[in-house]
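Hi,

Here is the structure I said I would pass on. Have a look at it first, and then read my notes below.

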Amino acid sequence: MSASVAESPLASCHQAAGAKIIPFAGWNLPVQFSGLIQEHRATRQAAGLFDISHMGQIRAQGPGVLACLEGLLANDPAKLTDGEGHYSFLPNDHGGVIDDLFLYRIGPEDFFLVVNASRHQEVLDLLKKKEGPQVRFTGFPGSAVGMALQGPKAATILAKLMPTGTALPERNRILRAKLEGGEAWVARTGYTGEDGFEIFSDLKTGPKVWTRLLEVGKADGLLPCGLGSRDSLRLEAGLPLNGQDLSYDITPVEAGLGFFVDVSRPRSFPGRSTLETQKKNGPPRLTIGLVGEAGQAPPRHGYPVFHAGKKIGEVSSGLPSPTLGYGIALALVTAPAPALGQPVEIEVRGRRVPAKISKRKFLQNR
Amino acid sequence: MNTPEDLRYAKTHEWIRMEKDRATVGITDHAQTELNDVVFVDLPKPGKKVNAGDVIATVESVKAASDIYAPVGGEVTEANATLSTDPGLINREPYANGWLFRLKPSSTSTDHLLSASQYAGTLKK
């Protein structure tokens, strides 16, 4: 890995908007524009626009591509129809997670993967080893634009830029659309728990789309949003972050995401036997939701969790929820986990703070 | 960025107002801007004894928890109780009602701390 830091193709837009920039997974990216809480609320109540140009965009093509992906991914790519996407994992041999990703089927011999910035090179290297006359993988590190338009007003706002007669994609679907003079992929997916879209385009079109969306969405309350609110929004929705809630040592089943591991198909994939056993008999560890109380120190990554005086695990992700006004956390604990509603304690700077076991989806109706 | 002349500053972005045998400590305008909206504060209890440079409090935004260091040694005499119900005071009035705690300093020397212009100079890098 090189030590250099990549600039987002939208960097000049962010600079003009007065964003605060931080290094993240080898990229300089906005952590906030107007303020984390304000951006968080805008996304829940109206809409937020996020720069996701750092996310790895990988195209997988060729007559052998489906069979190749079937042998690598935990969710079954054969289930997808043209224009459809789903959440999946690239597991290692132990069932741990190299990366969690979104896989779209463009056509029978054409797939599109969106992977985490921190794993982009590793995933691409791994896929390249599987290349042959029947399958090829193309990555676009640093030369593609990605943005996420999220929130209850997202559809209204994006519709203003869509060509006449082109409908917006349905949930989890992707389509090619002409936006601001260029071609872009528009998917109805996201990482906030809200309705919304992820738009993938090229260096020339992307900045225009970003700028135009902010213009046409302004009256609806659209705000540009940074990595700070992206993290608080995803955690409220109970969505995992690789490197914290998932890792080489944490399986999708342990993370509570066994639904996206398909063991009903004949084909093998890395870690399959471990994942199959964990789905059948239960994993040795479980990811639970924790809610704190208003006015108490919020939970953070790495804080120990206790039940009935005994340490049962650690917080994998935690923060004070802007929507709920108290701390929320995902925690990886030894199975069997205490039941919903049971009291636990989180150790914060040497003190024990009360919390309760909750569902991992902290916001209702999302 | 606002850095009042009558205060002394630590490189770690705390300010201190020295009066006779009472020192009031808070975080700077720069620090509150960097932290963004403060949503929780952990303050020391009166009677706690600290050395200069000890972690003495924690200020949290949604994104992160930040340690606050004691600019001078001494004994804590008072914590700003208003912050438990209105931590946003730190953002709105960092040098006034957003103060964090007071202590009885073990020495009135602040030679190891920065003047307003020296502190402002550290922010320009």
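A word on terms before the tour: helices (H or I, at least four residues) and strands (E, at least two) are DSSP runs, numbered from the N terminus. Residues are numbered from 1 along each chain as its sequence is written, while chains are lettered from A and ligands numbered from 1 in the order in which they are written. Please keep in mind that this is a predicted model, in which local features need pLDDT of at least 70, side-chain atom pairs count only at pLDDT 80 or more, and totals for chains, interfaces and linings use all residues.

Let me start with chain B. Chain B has four helices and nine strands, and along the sequence they come in the pattern β-β-β-α-β-β-β-β-β-α-α-β-α. Its radius of gyration (taken over C-alpha atoms) is 13 Å, close to the 14 Å that the globule rule (2.2 Å times the number of residues to the power 0.38) gives for 125 residues, so chain B is as compact as a globular protein of that length. The C-alpha trace of chain B spans about 35 × 35 × 20 Å along its principal axes.

Of those 125 residues, 44% count as buried. For that label, 20 or more other C-beta atoms must lie within 10 Å of a residue's own; with 12 or fewer a residue is exposed, and in between it is partly exposed, with C-beta atoms placed from the backbone. I also looked at contacts, where two residues qualify if their C-beta atoms, placed from the backbone, lie within 7 Å. In chain B, residues 24 or more positions apart account for 63% of the contacts with a separation of 6 or more.

Six strands of chain B form an open sheet in the order β1-β2-β3-β9-β8-β5, with antiparallel pairing. Here two strands pair if DSSP finds at least two bridges between them. At the edges sit β1 (8-9) and β5 (49-50) of chain B, each of which pairs on one side only. Inside the order, β3 (residues 22-27) and β9 (residues 101-105) of chain B run antiparallel and are joined by three bridges. Ala23(B) stands opposite Leu103(B) in β9(B).

Now for chain A, which has eight helices and 20 strands. A compact globule of 366 residues would have a radius of gyration near 21 Å, and chain A agrees with 21 Å. Its C-alpha trace spans about 60 × 50 × 40 Å along the principal axes, and buried residues make up 49% of chain A.

The domain assignment of chain A gives domain 1 (6-53 + 142-236) and domain 2 (284-366); such bounds come from an automatic or database domain assignment. The centres of the two domains, taken over C-alpha atoms, are separated by 31 Å. Nine residues of domain 1 of chain A are in contact with nine residues of domain 2 of chain A. On the domain 1 side, α2 and α7 of chain A are the elements that give two or more residues, and α2(A) gives the most, with four residues.

Helix α4 (residues 120-128) of chain A is worth a look too. His120(A), Val123(A) and Leu127(A) are buried there. Seen down the axis of α4(A), the buried residues fall within an arc of 75° (the arc of the directions from the helix axis to the C-beta atoms), so they line one face of the helix. Asp125(A) and Lys128(A), on the other side of α4(A), are exposed. The buried residues of α4(A) pack against β5 (56-61), β6 (84-91), β7 (97-107), β8 (110-115) and β9 (136-139) of chain A.

How do the two chains meet? The contact takes 14 residues from chain A and twelve residues from chain B. On the chain A side, the elements that give two or more residues are α2 (36-45), α7 (227-236) and β17 (310-320) of chain A.

Most residues other than glycine have a negative phi, and most peptide bonds are trans. The peptide bond from Ala335(A) to Pro336(A) is cis, with omega near -5°, and Pro336(A) is found in the loop between β18 (327-334) and β19 (343-348) of chain A. Asn36(B) has a positive phi, near 75°, and lies in the loop between α1 (29-35) and β4 (38-42) of chain B. With 21 C-beta neighbours inside 10 Å, Asn36(B) counts as buried.

Cheers
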